[in-house]
Amino acid sequence: MSKKRGLSLEEKREKMLQIFYESQDFFLLKELEKLGPRKGVITQSVKDVVQSLVDDDLVSKDKIGTSVYFWSLPSCAGNQLRNVYRKLESDVQSSKRRLAELADQCNALNKGREESEEREEALSNLKKVEEKYNELKDEMAEYADNDPAAFEAMRDAISVAHAAANRWTDNIFTLRQWCSNNFPEAKEQLEHMYQEVGITDDLDYLEMPTVGN
């Protein structure tokens, strides 16, 4: 035996509206929560259903003293529905006018773009120009190394590397002198160690290489 299907939100809204229309009275929320189950709307759902009706202007809500009352008359609901209908009808007419404007703009933009031999020729020439542009762009990329800015950056990098190399050479000379002064009895061992690590007698400062302009 299948379970009984519960009411949808729209069905619950209709049931709660019936309570208002049938009585044409004012209700507190707790009163509606008692009346709702009689129409098949469980107590826990009444508050949310009534609030959705308030949000859609189908039920009025006002605070009187310390209590909040809800009410809805058939005539008020009819007026609200008529207002909604008029608003939707106005929106439809506005959309139709906007559609007509866009169609006119589209037709205006398409003027002069009708298929013709002149248009085909112009498009063909445009394609050739774009292809030539891409070829020249690729060719320029091949000469990027000769770019003045790139050349200047490379020259600056060489200058920094040259200064660093000579700074380390100066450090090596200073270290050798310090070792000679502090360990004169180990001169032969030190010279042997220098040879092993590649520090030879012809070690000298580097001259700055000439970079063409």
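1. Let's start with burial: of the 213 residues in the chain, buried ones make up 15%. Keep in mind as you read on that this is a predicted model. The accessible surface of the chain comes to about 17,200 Å², and carbon and sulfur atoms account for 54% of that.

2. Now for the layout. You'll find seven helices and three strands in the chain. Walking along from the N terminus, the elements go α-β-α-α-β-β-α-α-α-α. As for contacts between residues at least 6 apart in sequence, 58% of them join residues at least 24 apart.

3. Next, the sheet. The three strands make an open sheet, ordered β1-β3-β2, with antiparallel pairing. The edge positions go to β1 (27-28) and β2 (60-64); each has a single partner strand, so one side of each is left without a neighbour in the sheet. In general, strands of a sheet pair through backbone hydrogen bonds, either parallel or antiparallel.

4. Which rings pair up? The count of aromatic pairs comes to two. Take Phe-20 and Phe-27: their ring centres are 5.6 Å apart and their planes meet at 75°, so this pair is edge-to-face, as planes over 60 degrees apart count that way. Both Phe-20 and Phe-27 are buried.

5. Phe-26 and Trp-71 also form an aromatic pair, and this one is tilted, with 5.1 Å from centre to centre and 45° between the planes. Phe-26 belongs to the loop between α1 (9-23) and β1, while Trp-71 belongs to strand β3, so the pair ties together parts that are 45 residues apart in sequence.

6. Finally, have a look at the surface patch. Leu-175, Trp-178 and Phe-183 make up a nonpolar patch there, and together they have about 320 Å² of accessible area. Where does Phe-183 lie? Look in the loop between α6 (148-182) and α7 (187-196). Phe-183 is another partly exposed residue, because its relative accessibility is 36%.

Conventions:
Residues numbered from 1 in each chain as written. Predicted model: local features only at pLDDT ≥ 70, side-chain atom pairs only at ≥ 80, totals over all residues. Heavy atoms only, no water. Helix = DSSP H or I, 4+ residues; strand = E, 2+ residues; numbered from the N terminus. Buried < 20%, exposed > 50% of the residue type's maximum accessible area, 1.4 Å probe, protein only. Contact = heavy atoms within 4.5 Å. Areas by Shrake-Rupley, 256 points an atom, 1.4 Å probe, with all protein chains shown as cover. Pairing = 2+ DSSP bridges. Phe/Tyr/Trp six-rings, centres within 6.5 Å; stacked < 30°, edge-to-face > 60°. Patch = residues over 30% accessible without salt bridge, like charges linked within 9 Å, V, L, I, M, F, W, Y side chains within 5 Å. Salt bridge = Lys/Arg side-chain N within 4 Å of Asp/Glu carboxyl O.
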